[in-house]
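Here are some notes to read alongside the model, written for someone opening it for the first time. Take them in order, with the structure turned to follow each point.

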Amino acid sequence: MAELTSNQNFLQPTGYKMQVDRDNYPNLEFFVQSVVHPSVSNPSVEVPYKRLTTHAPGDRLVYDEITFEIILDEDMHAYTEMHDWLKRLVEEQVQGQHRRGIKTPTTADISLTLLSSHNNTTKRFVYRDCLPTTLGSVTMTSNTTDVAFITVPVSFTFSYFDIV
């Protein structure tokens with residue numbers, strides 16, 4: 001039987017912290033403005049039986065991509081970091097996995113820590129084996145009256161996530 005929660009506070013949209021490999025991707029972590037946590041589905045399987053078709057639970061979980069919205073600084077450090085990561089993935093496919101020198105990992109585990117109203121950790125999602133898939137478009141306009149800083153979406157595919 002499910003237990004009723006004793007904590008009646010609601011999760012705030014600003015209560016999160018993202019962590020990724022700081023040695024290789026320090027700007028991505030610093031410039032994250034928002035996170036879209038992915039959906040998880042378990043596609044059902046059709047089971048034909050005589051003249052009826054029924055459904056059974058699926059045998060695997062399907063995860064959508066996780067998307068981060070990053071704000072761009074004037075030197076575009078986070079954008080360059082993500083572009084270099086994507087470019088390196090393609091070049092390693094063409095040139096082979098082993099090159100001379102120190103190899104930067106192609107995947108990274110990304111942690112999303114949810115914070116309470118008192119900025120204490122409540123839950124942590126750890127997305128395993130993340131690979132960047134999309135570095136979104138950058139829109140620049142000269143006819144705006146308000147200063148709106150430019151953001152760009154970055155999407156990752158991953159194997160699975162743990163809730164700790």
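1. A definition to start: a salt bridge here is a side-chain nitrogen of Lys or Arg within 4 Å of a carboxyl oxygen of Asp or Glu. By that rule the structure, which is a predicted model, holds three salt bridges. We'll come back to each of them below.

2. Now the overall layout. The protein chain has two helices and 11 strands, and their order along the sequence is β-α-β-β-β-β-β-β-α-β-β-β-β. Along the principal axes, the C-alpha trace spans about 60 × 50 × 40 Å. The radius of gyration is 20 Å, whereas a compact globule of 164 residues would come in near 15 Å.

3. How much of the chain is buried? Of the 164 residues, 27% count as buried. The accessible surface is about 11,900 Å², and carbon and sulfur atoms account for 51% of that. As for contacts between residues at least 6 apart in sequence, 61% join residues at least 24 apart.

4. Have a look at the largest nonpolar core next. This core has 28 residues, and L28, I70, I110, Y127 and F156 touch the most other members. Several elements give two or more residues to this core: strand 7 (66-71), helix 2 (77-95), strand 8 (108-115), strand 9 (121-135) and strand 10 (151-157).

5. Leaving aside residues up to four places away in sequence, L28 touches M18, V20, I70, A78, E81, M82 and F156. Two of these, I70 and F156, are named with L28 among the core members that touch the most others.

6. Then there are the aromatic rings. A search of the whole structure turns up 11 aromatic pairs. One of them is F68 with F156, an edge-to-face pair at 5.9 Å centre to centre, with 75° between the planes. This pair links distant parts of the chain, F68 being in strand 7 and F156 in strand 10, 88 residues apart. F68 is buried at 0% relative accessible area, and F156 is also at 0% and buried.

7. F156 has another ring partner, W85: this pair is tilted, with 5.5 Å centre to centre and 55° between the planes. Here helix 2 (W85) is linked to strand 10 (F156), across 71 residues. W85 counts as buried too, at 0% relative accessibility. Elsewhere in the list of rings, Y63, F125, Y127, F158 and F161 form one aromatic cluster.

8. Back to the salt bridges. The side chains of E29 and R22 meet in one of them, at 3.0 Å from N to O. Are its two ends buried or exposed? E29 is buried, at 16% relative accessible area, while R22 is exposed, at 54%.

Definitions and conventions: Residues are numbered from 1 along each chain as its sequence is written. This is a predicted model: local features need pLDDT of at least 70, side-chain atom pairs count only at pLDDT 80 or more; totals for chains, interfaces and linings use all residues. Side-chain values use heavy atoms; hydrogens and water are left out. A nonpolar core is a set of buried Ala, Val, Leu, Ile, Met, Phe, Trp, Tyr and Cys residues joined through side-chain atoms within 4.5 Å. Buried means under 20% relative accessible area, exposed over 50%, partly exposed in between (1.4 Å probe, protein chains only). Helices (H or I, at least four residues) and strands (E, at least two) are DSSP runs, numbered from the N terminus. Contact means heavy atoms within 4.5 Å. The radius of gyration is taken over C-alpha atoms; the globule rule is 2.2 Å times the number of residues to the power 0.38. Accessible areas come from the Shrake-Rupley method with a 1.4 Å probe; for residues, only the protein chains shown count as cover. Rings of Phe, Tyr and Trp (its six-membered ring) pair if their centres lie within 6.5 Å; planes under 30 degrees apart count as stacked, over 60 as edge-to-face and the rest as tilted.
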